Amino acid sequence: MSDEPESVSASRGVTPDSLLHTGGSDHPSAEDLVLASGRDLTPKNLQWAERRLAQEGRSAIDKVLP
């Protein structure tokens, strides 16, 4: 976890550690996976994410998050 206050991190455009979490009980959507991987929300990327989620399930998003 960062020692910097959230306001400092936010001013640099970095998501604060306190807001980063995967939560084991939720069900990520294709949109979640696309955004977590740093890609744009396009139909092609959503199809890619849907395929990954179908093949790998929850672990697909865990693999792209720190």
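Begin by selecting alanine 36, which, once neighbours within four places in sequence are set aside, is in contact with Ile61, Val64 and Leu65, where contact means heavy atoms within 4.5 Å. This is a predicted model, in which local features need pLDDT of at least 70 and side-chain atom pairs count only at pLDDT 80 or more, while totals for chains, interfaces and linings use all residues. Residues are numbered from 1 along each chain as its sequence is written, and side-chain values use heavy atoms, with hydrogens and water left out.

Alanine 36 has its place in helix 2; helices here are DSSP runs of H or I with at least four residues, strands are runs of E with at least two, and both are numbered from the N terminus. Its relative accessible area is 24%, so alanine 36 counts as partly exposed, a class that lies between buried (under 20% relative accessible area) and exposed (over 50%), judged with a 1.4 Å probe and protein chains only.

**The whole chain**

Now zoom out to the whole protein, whose secondary structure comes to four helices and zero strands, running α-α-α-α from the N terminus on. Of its 66 residues, 20% count as buried, and the accessible surface comes to about 4800 Å², of which 51% belongs to carbon and sulfur atoms; these areas come from the Shrake-Rupley method with a 1.4 Å probe, and for residues only the protein chains shown count as cover. Among contacts between residues at least 6 apart in sequence, 37% join residues at least 24 apart.

**The core**

Next select Ala30, Leu33, Val34, Trp48, Ala49, Leu53, Ala60 and Ile61, the eight residues of the largest nonpolar core. Helix 2 (30-36), helix 3 (43-56) and helix 4 (59-64) each supply at least two residues of this core. The term stands for a set of buried Ala, Val, Leu, Ile, Met, Phe, Trp, Tyr and Cys residues joined through side-chain atoms within 4.5 Å. In soluble globular proteins, nonpolar side chains tend to be buried together. Centre the view on alanine 49 and, leaving aside neighbours within four places in sequence, you will find Ala30, Leu33 and Val34 in contact with alanine 49.

**Along helix 3**

The buried residues of helix 3 are Asn45, Trp48, Ala49, Arg52 and Leu53. Looking down the axis of helix 3, you will see that its buried residues fall within an arc of 130 degrees, so they line one face of the helix; the arc is taken from the directions from the helix axis to the C-beta atoms. Helix 2 and helix 4 are included in what covers these buried residues, whereas the face turned away from the buried side carries the exposed residues Pro43, Lys44, Ala54 and Gln55. Following helix 3 is glycine 57, whose phi is positive, near 65 degrees.

Finish at leucine 41, found in the loop between helix 2 and helix 3, which at 43% relative accessibility counts as partly exposed. Leucine 41 touches Glu31, Val34, Leu35 and Leu46, not counting residues up to four places away in sequence, and its C-alpha atom is 7.0 Å from that of glutamate 31, a residue 10 places away in sequence.
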